[in-house]
Each structure stands twice: as C-alpha cells, then as structure tokens.
Amino acid sequence: FPVTIYPPMTKRLQLAICAKSLPPWFAIKLMEIQRVGIPGFQTDINIVWRGSIQMARDVAAQMALDNNQDRLVFIDSDLKFEMAQLHKLCAHPFPIVCGVYARKQRDVLWEISIKDKTKQPDENGLVEVQGAGAGFLSIDTKVLREMREKLPELSHVDLESKKTCTNWFFQGVRRTEEYPDGVFYGEDMGFMHMAARIGYKTIADTSILIPHEGVADYPLQLS
C-alpha cells in the first residue's frame, strides 16, 4: 500500500476556534483534525470566547504566546473548510497568510481588500492584500511578539485582572495619513493594518475558497 511520510512534528501550532458554540458538522471536523493532524505540527485545539470576536482573538493570541506556540491559526465555526485547505494554509511559510471566503450577502463580495487594484494573484493564487477576514488565518507568533514590543499603543490594563494586555486585534477608529478624519477597522483589518506598520505583509491564497455558512452557504454562486 502507498504510504505518505510527513516531516517530523518539529513545530507547535495552536488552532483557535473563536465561537460561543459549535455546529455539529464543525465538531465532527475538529475530531477529524485530531485524528489526522496537521503535517509538520504538534497541534493544540482551543475553543475561545470572551464576549466579542475581537476579545476572543486577543485571548487566543495571548494563549499562543504563553504556551510557546510557533503558529496561531484561526478557523471560524461558520466556515465549511476541507482538511486539504487547512493543510495547504498551514504549509505556507509566510508570517501572515489567509484563505478567502465570501461575505454573507446575495452578491459575491470576498472578504479581502487589495489597495493596488492592478495586482493579480500569481500562478499559485497568492496575492498581497491590505486586509482580509481573519476566519481562516495563519500567523507566525513572532509577529505577535514584535507587535507587542514595537507598538506600545496596543497595550492596556485589564480592569478585572489588573494585568497588562495587548490588543492585537484592534477594533475601532484610527486616524492615519491616508484617512486624517479617521477610518473604522474591524478586528481583522485592525490587526493587519498594525502588523503592516512594522513591516509584515498579509498574503491571501485565493486558491483556498471556503463556503461561509449563514441562512445559506455563501457565495450562493458556489452552492
């Protein structure tokens, strides 16, 4: 019988599911991840929720650093991904890389933002983006460490624990040279904007297209 030989598990990966609860089909998918694993990684799965998606992502990021993980991968529980797509995402060497999914609406609108509209994906489907949805996102934890060290404005004191925390996944209004009157960032765009300030690009793999579950699976054209 043919045997697939994977490289040894030399790195640690935290798979973070930011959700209040899991649909049954997603719970089955997590069991498959536990059974099959992710090539090259010792994988820990954590289900995280802290009142909002922004807070949950920040908590997951802190857990990844506390546990000395090499990569942090987010999968939102309304994304109907395949194992091959997860393996492909985790095989990329880029510090920040994501798959692509559609917004929950009738017209097709992908959750990515490309500042230079002349840029097209390369022959492998890869393209640099200004921002993208964080629901299928892989981050090298060195990015989180450098953001904490080089962007002190992301630090704040948690009123309950009195500990200093980092708001990697900033959500709110920021004023920039491009938008002096301010522009609103969701937590995913906020993270990628701040990472770009210290030199980290976000790469989208447009060959990883994932149905987005709502009242239907979006985009409707792929259903």
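Which side chains meet in a salt bridge of 3.9 Å, N to O? In this predicted model, the partners are Lys-201 and Glu-128. The two residues belong to distant parts of the chain, 73 residues apart: Lys-201 is placed in the loop between helix 5 and strand 13 (202-210), and Glu-128 in strand 6.

**Overall composition**

The protein contains 5 helices and 15 strands. Of its 223 residues, 45% are buried. Among contacts with a separation of 6 or more, 73% are made by residues 24 or more positions apart. The accessible surface comes to about 12100 Å², and carbon and sulfur atoms account for 53% of that area.

Strand 6, where Glu-128 is found, covers residues 126-129. Glu-128 has a relative accessible area of 29% and is therefore partly exposed, because that class lies between the 20% limit for buried and the 50% limit for exposed residues.

Beyond its neighbours within four places in sequence, Glu-128 is in contact with Ile-114, Lys-119, Lys-201, Thr-202 and Ile-203. One of these residues, Lys-119, is also joined to Glu-128 through a side-chain polar contact of 3.2 Å. Ile-112 lies 16 residues from Glu-128 in sequence, and the C-alpha atoms of the two are 10.0 Å apart.

**Salt bridges**

The count of salt bridges comes to 10.

| Lys-201 | Glu-128 | 3.9 Å |

Lys-150 and Glu-146 both belong to helix 4 and are 4 residues apart, so about one helical turn separates them. Lys-150 counts as partly exposed, at 49% relative accessibility.

In soluble globular proteins, nonpolar side chains tend to be buried together. Here the largest nonpolar core has 34 residues, and those with the most contacts inside it are Phe-74, Leu-137, Met-147 and Phe-191. Elements that each supply at least two residues of this core include strand 1 (11-18), strand 3 (71-75), strand 4 (96-101), strand 8 (136-140), helix 4 (141-150) and helix 5 (187-197). Helix 2 gives the most, with 5 residues.

What does Leu-137 contact, leaving aside its neighbours within four places in sequence? Its contacts are Leu-72, Val-73, Phe-74, Leu-89, Ile-96, Val-97, Cys-98, Phe-191 and Met-192. A second, separate core of 24 residues includes Phe-41, Phe-81, Met-83 and Ile-203. Ile-203 is also among the residues in contact with Glu-128.

**Strand 4 and its pairing**

Is strand 4 mostly covered or uncovered? It is mostly covered, with 6 of its 6 residues buried. Strand 4 pairs with strand 8 in the antiparallel sense over 3 bridges, and in that pairing Ile-96 has Ile-139 of strand 8 as its bridge partner. Strand 4 also runs parallel to strand 13, to which 4 bridges join it. There, Val-100 stands opposite Leu-209 of strand 13.

**A backbone exception at Asn-68**

Most residues other than glycine have a negative phi, and most peptide bonds are trans. Asn-68 is not a glycine, yet it has a positive phi of about 55°. The residue is located in the loop between helix 2 and strand 3. Asn-68 has a relative accessible area of 53% and is therefore exposed.

How values were computed. Residues numbered from 1 in each chain as written. Predicted model: local features only at pLDDT ≥ 70, side-chain atom pairs only at ≥ 80, totals over all residues. Heavy atoms only, no water. Buried < 20%, exposed > 50% of the residue type's maximum accessible area, 1.4 Å probe, protein only. Contact = heavy atoms within 4.5 Å. Polar contact = N/O pair within 3.5 Å; in protein donor to acceptor, adjacent residues only side chain to side chain. Core = buried A, V, L, I, M, F, W, Y, C linked by side-chain atoms within 4.5 Å. Areas by Shrake-Rupley, 256 points an atom, 1.4 Å probe, with all protein chains shown as cover. Salt bridge = Lys/Arg side-chain N within 4 Å of Asp/Glu carboxyl O. Pairing = 2+ DSSP bridges.
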